[in-house]
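Colleague: I am new to this structure and would like to be guided through it. Could we take it topic by topic?

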Amino acid sequence: GLPVGLITDRDLTARVLARRLDPAATPAAQVMSRPLVTLSADEDLRAASRSMRRHGIRRLPIVGPDGRLVGMLVADELVRLVGREVASLAD
């Protein structure tokens, strides 16, 4: 029940379609990104941003104290959130 890897649209494009593999016959373990970089649910958005930047990733699984997946933070959502915060400062 613990997350072990992540498959993104980029993974599918580069590791399956570009290699002309059969998606129905290709195991997830063969194309997923790993080791999986995660963030604890009690960390703040600054820690999330640092982790994304440090690891060059745009999707960050969020895990609870037991290591189980509780959410997913996507870079686009983080940018929108920060943008709203900056816009509210201008108001």
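Colleague: Which residues make up the largest nonpolar core?

Modeller: The largest nonpolar core has ten residues, namely Val37, Leu39, Ala47, Ala48, Met52, Leu60, Ile62, Leu73, Ala75 and Leu78. A nonpolar core is a set of buried Ala, Val, Leu, Ile, Met, Phe, Trp, Tyr and Cys residues joined through side-chain atoms within 4.5 Å. Helix H3, strand E2 (59-63) and helix H4 (75-90) each supply at least two residues of this core. H3 gives the most, with three residues.

Colleague: What sort of model is this, and how are residues numbered?

Modeller: This is a predicted model, in which local features need pLDDT of at least 70 and side-chain atom pairs count only at pLDDT 80 or more, while totals for chains, interfaces and linings use all residues. Residues are numbered from 1 along each chain as its sequence is written, and side-chain values use heavy atoms, with hydrogens and water left out.

Colleague: How are the helices and strands defined?

Modeller: They are DSSP runs numbered from the N terminus: helices are H or I with at least four residues, and strands are E with at least two.

Colleague: Why might nonpolar side chains be found together?

Modeller: In soluble globular proteins, nonpolar side chains tend to be buried together.

Colleague: Let us turn to charges. How many salt bridges are there?

Modeller: A search of the whole structure finds four salt bridges. A salt bridge is a side-chain nitrogen of Lys or Arg within 4 Å of a carboxyl oxygen of Asp or Glu. One of them joins Asp9 and Arg59, with the closest N and O atoms 3.3 Å apart. Asp9 lies in helix H1 (residues 9-17) and Arg59 in strand E2, so this pair ties together parts that are 50 residues apart in sequence.

Colleague: How exposed are Asp9 and Arg59?

Modeller: Asp9 counts as exposed at 51% relative accessibility, whereas Arg59 is partly exposed at 29%.

Colleague: What does Arg15 pair with?

Modeller: Arg15 forms a salt bridge with Asp11, and the closest N and O atoms are 3.3 Å apart. The two residues are separated by about one helical turn because they are four residues apart in helix H1. Arg15 is partly exposed at 27% relative accessibility, while Asp11 is buried at 5%.

Colleague: And which residue does Asp76 meet?

Modeller: The side chains of Asp76 and Arg58 meet in a salt bridge at 2.5 Å, N to O. This pair links distant parts of the chain, since Asp76 is in helix H4 and Arg58 is in the loop between H3 and E2, 18 residues apart. Asp76 is partly exposed at 39% relative accessibility, and Arg58 is partly exposed at 41%.

Colleague: How far is Arg58 from Arg10?

Modeller: Arg58 and Arg10 are 11 Å apart in space, C-alpha to C-alpha, and 48 residues apart in sequence.

Colleague: Which residues gather in a patch of positive charge?

Modeller: Arg46, Arg50, Arg53 and Arg54 gather in such a patch on the surface. Patches are made of residues with over 30% relative accessible area and no salt bridge, with like charges joined within 9 Å and nonpolar side chains (Val, Leu, Ile, Met, Phe, Trp, Tyr) within 5 Å. Arg53 is found in helix H3 (residues 45-55) and counts as exposed at 60% relative accessibility.

Colleague: Now the backbone. Where is the cis peptide bond?

Modeller: A cis peptide bond joins Arg34 and Pro35, with omega about 5°. Pro35 is found in the loop between helix H2 (28-31) and strand E1 (39-40).

Colleague: What is the phi of Arg20?

Modeller: Arg20 has a positive phi of about 55°, although it is not a glycine. Arg20 lies in the loop between H1 and H2 and is exposed, with a relative accessible area of 77%.

Terms used: Areas by Shrake-Rupley, 256 points an atom, 1.4 Å probe, with all protein chains shown as cover. Lys, Arg positive; Asp, Glu negative; His and termini not counted. Charge placed at Lys NZ, Arg CZ, Asp CG, Glu CD. Buried < 20%, exposed > 50% of the residue type's maximum accessible area, 1.4 Å probe, protein only.
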